[in-house]
2 protein chains.
Amino acid sequence: MTLHSDLTHSLAEAEALCARKGVSLTPIRKRVLELLLDADGPVKAYDLLAQLKPGAGAAQPPTVYRALDFLVSTGLAHKVESLNAYTACIHGEEAGGPVLFICEKCGAVQEQHAHAKLKDMPEGFQLTRSVVEHYGLCANCQAA
Amino acid sequence: MTLHSDLTHSLAEAEALCARKGVSLTPIRKRVLELLLDADGPVKAYDLLAQLKPGAGAAQPPTVYRALDFLVSTGLAHKVESLNAYTACIHGEEAGGPVLFICEKCGAVQEQHAHAKLKDMPEGFQLTRSVVEHYGLCANCQAA
DNA sequence: TGTATCTTGTTATTGTATTACACTTGAGGG
DNA sequence: CCCTCAAGTGTAATACAATAACAAGATACA
């Protein structure tokens, strides 16, 4: 649990973005986004699932995967393909594909959005989507 | 089944590379590499497994995963993280991380190796490994 | 011969994600 | 008001991806 003010702030932004797009941030979707925002790094779907159902009515896998699909498709979250995990998007509605820098020690993710056109693309290749995930040590973890 | 001359040619190169590195391209590893080279695009581990055991002695998952780990660690193959699939490396021993261009229509993979230093890396981030996978339409598939 | 290392076999299990179908809810139109 | 349609959710079962743990053969070499 990090700063709660940040958390609610981002949730409010998410609400606004959904309103603008005409899609609905339902309680389940909101809860999942909240869990992602609250985490220190990428979170696995089944970990979300476990957090989602401490109570009686046990959530099932499709519930969390549906919520994640929604969040990813609206740009509120990203899937980290090389980790099979998910992370909240901390930018608004940026153009360009997400570029993730993931610390292998502390797990923190820093996010950028690349507008850059690729050089050295194969002749005639028409780009639609990119997965870019960089691993290394973040500035904080270099001290150790 | 594509041109067999190409295939054996690449296998021979793989042999040579393993010899240079002092690692052994055992029959199983060689067979898996052959299947990867022979495929039109990335192949899933369980598809390899199925191809590996048409006979009696049924190969088990660890067999193919171990072979794949070996091929990836020696640079003879790459894992396509966003597909959970594997593809043969068509370059020799290039420096720099692999950059994959994957056609969403025909599944073909074109591969480059990036030596480029990243601009706009977060302050003090020390890079160790990158996953870069681009999706789109290859030149051939644009005609349609 | 002994032993150390690498490779493979085998069984079981864990982890990740989807299919298929039933049910509810809310909005808009007759 | 009732109908219907679409979006969202519940639920059970299953498919797909990867690993753990331990046994056993193979090779090299002191």
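## Two copies, one shared surface

Of the interface residues of chain A, 100% are also interface residues in chain B, so the copies meet through the same surface. Contact here means heavy atoms within 4.5 Å. This is a predicted model: local features need pLDDT of at least 70, side-chain atom pairs count only at pLDDT 80 or more, and totals for chains, interfaces and linings use all residues. Residues are numbered from 1 along each chain as its sequence is written, chains are lettered from A and ligands numbered from 1 in the order in which they are written, and side-chain values use heavy atoms, with hydrogens and water left out.

**Symmetry**

- Two copies of a chain are related by a rotation about an axis and a shift along it.
- Here, a rotation of 179° with 0.0 Å of shift along its axis superposes chain A on chain B, at an RMSD of 0.1 Å.
- That is the relation of a two-fold axis.
- In chain A, Val132(A) has the C-alpha nearest the axis, 2.3 Å from it.
- The copies are superposed by least squares on the C-alpha atoms of residues with pLDDT of at least 70 in both.

**Chain A in outline**

- Chain A has five helices and five strands.
- Its elements run α-α-α-α-β-β-β-β-β-α from the N terminus on.
- Helices (H or I, at least four residues) and strands (E, at least two) are DSSP runs, numbered from the N terminus.
- The C-alpha atoms of chain A fill a box of roughly 55 × 45 × 30 Å, taken along the principal axes.
- Of its 144 residues, 37% count as buried.
- Buried means under 20% relative accessible area, exposed means over 50%, and partly exposed lies in between (1.4 Å probe, protein chains only).
- Among contacts in chain A between residues at least 6 apart in sequence, 52% join residues at least 24 apart.

- Helix H3 of chain B covers residues 45-52, and Ala45(B), Leu48(B), Leu49(B) and Leu52(B) in it are buried.
- Seen down the axis of H3(B), the buried residues fall within an arc of 105°, so they line one face of the helix.
- That arc is taken from the directions from the helix axis to the C-beta atoms.
- The buried residues of H3(B) pack against helix H2 (27-38), helix H4 (61-73) and strand S2 (85-88) of chain B.
- The largest nonpolar core has 24 residues, of which Val32(B), Leu33(B), Leu36(B), Leu48(B), Leu68(B) and Leu71(B) touch the most other members.
- Helix H1 (4-21), H2, H3, H4 and S2 of chain B each give two or more residues to this core.
- Apart from it lies another core, of 23 residues, among them Leu11(A), Ala45(A), Leu71(A) and Ala77(A).
- A nonpolar core is a set of buried Ala, Val, Leu, Ile, Met, Phe, Trp, Tyr and Cys residues joined through side-chain atoms within 4.5 Å.

**Salt bridges**

- The structure holds four salt bridges over all chains.
- Each is a side-chain nitrogen of Lys or Arg within 4 Å of a carboxyl oxygen of Asp or Glu.
- Lys30(A) and Glu15(A) form one, at 2.7 Å from N to O.
- Lys30(A) lies in helix H2 and Glu15(A) in helix H1 of chain A, so the pair ties together parts that are 15 residues apart in sequence.
- Lys30(B) forms a salt bridge with Glu15(B), with the closest N and O atoms 2.7 Å apart.
- Lys79(A) and Glu81(A) also meet in a salt bridge, at 4.0 Å from N to O.
- Lys79(A) counts as partly exposed at 30% relative accessibility, whereas Glu81(A) counts as buried at 13%.
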